[in-house]
Amino acid sequence: MRVIINGEPREVPDRVNVEELIEYLGLRGERIAVERNREIVRRADWTTTLIEEGDELEIVHFVGGG
Amino acid sequence: MELEKYSRQILFEPIGQRGQEKLLQSRVAIIGCGALGAVQAEALARAGVGFLRLADRDFVEESNLQRQIMFEERDARERLPKAIACQRRIRRINSDIRVEALAADVNPTNIEEIIGDVDLVLDGTDNFETRYLINDACVKHGKPWIYGAAVGSYGLSMTIIPHETPCFRCVLEQLPPPGSSPTCDTVGVILPIVFMIASIQVVEALKLLTGQRDQLHRSIIQIDVWQATCHRIKLGALLEKSDCPTCRHGRYEFLDARIRHLASGLCGRNAVYISQSKRVQIDLPSLAERLRSVGPVKLTEHLLSFHINGYEITLFADGHCIVKGTTDVDLARKLYAQYIGA
């Protein structure tokens, strides 16, 4: 299915939850926050939040430099 | 107080004369005076923030100069502590304001004192651990703080008002394992992103200090200046849903030092940083005397440094230390124990 990730259209597997999507994108273990359709998804809700066709996702990477 | 100096800022309607008067009465602590912290310090000093406290554990080196705008070649030659170098420059920029410099490690033993009498804390640190510590202390004492970080051409910022917005730990629950994300060490960093992120932090600071909380951006802003992209995540209702150990349950695990690494790698350097778990005061001149049997020792007003087996050890009076020439934490600790003592 097609979703929008950080403004870019992207094909991802059907019926994935946020946790699986992160895994699919190769971002597991990274310091990230995820927003789905303008609402931030709590880390504890990643496995129960299903991604749907056309969803708009923003993935933020936290970094440490400064 | 002469306000002519700030006339163009006063003309800016959202600040005005009332805002300027508030800024002159304001007190801000900047933790970390490297790349981001230096821009914040300079901008707030020029804006006329009445009191700045600058804390940094590092000294100036040549490789800092490309992105750390407060410092000059002379500071690197003198190995000046960054907090001191920043303070000197700010005094030349705006002599109306008071600037306090702490050439020290910010840790659970001193952070509550450092933030206790300020209105706002700005993040200029280079590591996650200190940020969780800032978050604990600020949530505990109800102080707003502004996270900012930059690596490569990318950076992000978020403003935390305890119990009003999600806190840092609401958004990033776990202290990430070392080595799990890019650092200035691995991918470098360029000055333009430093300016952008620090500027976002400074604007938020000006809004907060002039009492305009309704104007805050209330999001996580991320920018890639090379890609010319900017994204925002709205923080919205996260606080209501949060089960955060820090701001929901009042557990300050970093402040209570239950989660702490006493030694860690340094951003952008082949070096290990070692801190103290308790308050100490080291008599640098007498230690320098003892170490002279080992080899040449350089002693300045603020620090002591010497070489041993190809490593360079730099020690500050509060006991914190930088071991250069290795990223091996155990080796660095061993050298510390051997030559400085436990």
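This is a predicted model: local features need pLDDT of at least 70, side-chain atom pairs count only at pLDDT 80 or more; totals for chains, interfaces and linings use all residues.

Trainee: What makes chain B as compact as a globular protein of its length?

Mentor: Start with its make-up: chain B has 13 helices and 14 strands. The radius of gyration of chain B is 20 Å, and the globule rule gives 20 Å for 342 residues, so chain B is as compact as a globular protein of that length. As for its extent, the C-alpha trace spans about 65 × 50 × 40 Å along the principal axes.

Trainee: What share of the residues in chain B is buried, and what does the word ask for?

Mentor: Buried asks for under 20% relative accessible area, and 59% of the 342 residues in chain B make up that group.

Trainee: Which share of the contacts in chain B joins residues at least 24 apart?

Mentor: Take the contacts between residues at least 6 apart in sequence: 65% of those join residues at least 24 apart.

Trainee: Why is A:Asn6 called partly exposed?

Mentor: Buried means under 20% and exposed means over 50%, with partly exposed in between. A:Asn6 has 23% relative accessibility, so it counts as partly exposed. It sits in the loop between strand 1 (2-5) and strand 2 (8-11) of chain A, and its phi is near 45°, a positive value in a residue other than glycine.

Trainee: Then why is B:Ala228 called exposed?

Mentor: The cut-off for exposed is over 50%, and B:Ala228 has 69% relative accessibility, so it counts as exposed. B:Ala228 belongs to the loop between strand 7 (219-224) and strand 8 (229-234) of chain B. Its phi is positive too, about 55°, although B:Ala228 is not a glycine.

Trainee: What do we know about where the two chains meet?

Mentor: The size of an interface is often given as the accessible area lost when the parts come together. Here the area buried between chain B and chain A is about 2,400 Å², and carbon and sulfur atoms give 59% of that. In chain B, B:His231, B:Ile233 and B:Lys241 lose the most area to chain A, together 23% of what that side buries. The contact takes 39 residues from chain B and 24 residues from chain A.

Technical notes. Residues are numbered from 1 along each chain as its sequence is written. Chains are lettered from A and ligands numbered from 1 in the order in which they are written. Side-chain values use heavy atoms; hydrogens and water are left out. Helices (H or I, at least four residues) and strands (E, at least two) are DSSP runs, numbered from the N terminus. The radius of gyration is taken over C-alpha atoms; the globule rule is 2.2 Å times the number of residues to the power 0.38. Buried means under 20% relative accessible area, exposed over 50%, partly exposed in between (1.4 Å probe, protein chains only). Contact means heavy atoms within 4.5 Å. Buried area is the accessible area (1.4 Å probe) that two parts lose on being put together, summed over both.
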